[in-house]
Protein chains: 2
Amino acid sequence: MTSVVETLPVDAEPACRPGALRIGQLGLGNVGSALAGLTHRSAAALHDHGISLETCVALVRSVSRPRPAAAWVGTVTDDPDLFFAQRLDIVVEMIGGIDPAFALVRRALDRGIPVVTANKSLVAVHGEALSDLARHRNTAFRYEASCIAGVPFIGTFERRPLASRVDGLTAILNGTSNTILTAVANGDTFAAALAEAQRRGFAEPDPTADVSGRDAAEKLTLLIRRFGQRLVAPAQIPTAGITGIHPTDLRAARALGGTLKPVAHASWTSGTLEAFVSPAFLPATHPLAGLSGATNGILIDAPLGRQCYIGPGAGPNVTAATLLDDVYEVATEPHVRTPPAIASTVTTPQWARESGWFLRIATDAPAADISQLLATYGVWTSRIECVDGCVHALTFCATPRVLRAALDAVATATRADVAGYPVLSAEEPAC
Amino acid sequence: MTSVVETLPVDAEPACRPGALRIGQLGLGNVGSALAGLTHRSAAALHDHGISLETCVALVRSVSRPRPAAAWVGTVTDDPDLFFAQRLDIVVEMIGGIDPAFALVRRALDRGIPVVTANKSLVAVHGEALSDLARHRNTAFRYEASCIAGVPFIGTFERRPLASRVDGLTAILNGTSNTILTAVANGDTFAAALAEAQRRGFAEPDPTADVSGRDAAEKLTLLIRRFGQRLVAPAQIPTAGITGIHPTDLRAARALGGTLKPVAHASWTSGTLEAFVSPAFLPATHPLAGLSGATNGILIDAPLGRQCYIGPGAGPNVTAATLLDDVYEVATEPHVRTPPAIASTVTTPQWARESGWFLRIATDAPAADISQLLATYGVWTSRIECVDGCVHALTFCATPRVLRAALDAVATATRADVAGYPVLSAEEPAC
């Protein structure tokens, strides 16, 4: 492997000042560049807070790509050995994905170097192993930026055992999906909404992970581990993306007094973990119903009451600020460790939860006939609307199994395209 | 001063086990009893988290009052000297008010004993001095439970300098006021709503501090210090309580597409601090508009986006859990200190902010006449409704000075009772 070390601009300060904490950045793309710039611009403010930071080295895939942010970094290299040859006080990982991020983060932790990451895929799949490794090496592994990047709450709960007694959570975790549904609800087509989200930098060039729900499932996995002390793999979580949503669904949802949102939900009150990622109908009074665009939020149901945390979900500047706050915490609180998950058990998540349902039956058959047919199978509609030649309904509680049988019967009888999405109540419990 | 030491129940464990952290409680009333019980019940869970706590001593005003929670406390005394004669690792203050809480907390900190408190009056008036003292004595002073007790956010921001770059905040901080306005909006009288809130334990027997806005002004003071790095006294904050609200106002607010909420607001973008406590009109889409009953919330406006934190505002069990989490943080992170407010300046808060206004003019004069008269004085109505023989209007932006002149003219012309409350926009900036 070749390694190229870029030359510092002549007027740059020396990369590693004595007394400064030395940061090694894994990645110098959008987020990495934002972090390097923010670290540089925040020097005076952080000095007032008693610390001094220096970005000594960044490991990148290709050193030939021009990177303006390299001006704020001592050395830019594509050689991991050269990266780790530096004396590093903190490593910040912003490569994304599992490979090579996992190996590099493990290498840092294994040497006792604290790691801060924004990588939800990594934390979803290997978070517990990496936290364990950090504990064994007496160092820190922090990932506040990996989920609802602009709202600090993961570290808060880690430090607070009483607040951490949580029964379940409901969240909007994917800004791209929420941006698209918000735009489609306002009259855009799905394609135009996606293109606009990509133009504004919310959506990746390949939006599959976002619109399929996979991104939200990864984030939900890490939240379940953190709040529910249960280990699941993202693939174990029943996941439906927003691609099945029709524009008429959003108009009908509004007519039925609510909205469709890309929801991640998990609860573990019953002993069994129930979890899903899916578009869901939220009544207008639901605390997350008003979240539009790239805003994310999490509703935490706890014995002492429901809490809600809402704010920006992502974006390079938001993510960089949260990463730098994690760096500050690691630098100023070297003795604070993430506590282990108390009762880690592998549980198969189920979606057996009784729920009301939001239904679409793309038929011009009379609503009364549809309602009657559903009732025959034990699914009772509470409201039914005909919007744009399509029947939409809200139902009373039914299990997914009962619903599936009823929808299959309707599909057979009407030859209509049918779909059902869960209804989340504005108050707990849901049913 | 006489001192009475209660005898432990025979089957109780010894009060101060070797290795356990020794808590001294200032106060053993509703919150103090809840904390003593919770500390006792949480022993196993906290042991799993690596700490062991013991409530060694509680200082009370009157030892003759029967206190079932005394069973969980080694010694109950009314003698401060006896209290401080114990070896104490952490002091938790739940007396409330300034005197004697201030002197006792100072005495603890002065000895290097960390203090955790739920006392917003104390933190509002002496928070900076006590934090300074704690820093000088190399110990901790924490007060998460003093404001929106059920939502941890104050400590979170203290640890995160980037997240702490905040331009302003809007909050619902008083559960009693919000409970009463919610009930009145649903058809209760003010008196019945207050009595019900008292019966359910939300409101104090003397609700003056709550309904006058003083409680919210104290909490706002500590939030301004924490988030705005500015020192103000609660009395400097223009404060209006909910007692001037008429039931018709709440009906009219709904007709005008929003709701009246007891709001605390501060912003410091302009360099000058602007702050007020007042009922305010929130459009239905405002993130705090849906908060009912004893739920509190804070909206934080930051350069990187708006964040919102919502949850239970008070109650003995909620407060005790948050106090115990603060105790846990102090116990496990003895090296973490509250950073000093960077730029502490005494500023006179102003309420010169241009704002839309929600107006009540208790007259049966035609709405068109009122609208015209207001316009003569430079106040333009955007919507106007006649509800229950009263004119209510929403206006476009006007300064408080212009509004006052216009309302005075209307009052003179119509001999009507008039009132104006600010309108807070669902999006920032307000005007």
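Across the interface of chain B and chain A, 8 salt bridges are found. A salt bridge here is a side-chain nitrogen of Lys or Arg within 4 Å of a carboxyl oxygen of Asp or Glu. One pair that meets this rule is B:R160 with A:D325, whose closest N and O atoms lie 3.8 Å apart. The model is predicted, so local features need pLDDT of at least 70 and side-chain atom pairs count only at pLDDT 80 or more, while totals for chains, interfaces and linings use all residues. Residues are numbered from 1 along each chain as its sequence is written, chains are lettered from A in the order in which they are written, and side-chain values use heavy atoms, with hydrogens and water left out.

Polar contacts also link chain B and chain A: 17 residue pairs, both at pLDDT 80 or more. A polar contact is a pair of N or O atoms within 3.5 Å; within protein, one must be able to donate a hydrogen and the other to accept it, and residues adjacent in sequence count only if both atoms are side-chain atoms. On chain B, α2 (43-48), β12 (305-312) and α12 each supply at least two residues of the side that touches chain A. The largest share, 9 residues, comes from α12(B). Helices (H or I, at least four residues) and strands (E, at least two) are DSSP runs, numbered from the N terminus.

The contact takes 40 residues from chain B and 40 residues from chain A. Contact means heavy atoms within 4.5 Å. About 3,500 Å² is buried between the two chains, and carbon and sulfur atoms give 62% of this area. Buried area is the accessible area (1.4 Å probe) that two parts lose on being put together, summed over both.

Helix α12 of chain B spans residues 316-332. Its 17 residues reach 24 Å from first C-alpha to last, close to the 24 Å expected at 1.5 Å a residue. The expected span is 1.5 Å times one less than the number of residues. Of the 17 residues, 13 are buried, so α12(B) is largely enclosed by the rest of the structure. Buried means under 20% relative accessible area, exposed over 50%, partly exposed in between (1.4 Å probe, protein chains only).

Two further residues of chain B are buried. B:L256, in the loop between α11 (247-255) and β9 (258-267), has 3% relative accessibility and therefore counts as buried. B:L256 touches residues including B:F281, B:F358 and B:H392. B:L256 and B:H392 are 136 residues apart in sequence, yet 8.5 Å apart in space, C-alpha to C-alpha. B:R225 lies in helix α10 (residues 214-228) and is buried at 6%. Its side chain makes a polar contact with that of B:E128 (2.9 Å).

Notes
Lists of a residue's contacts leave out its neighbours within four places in sequence.
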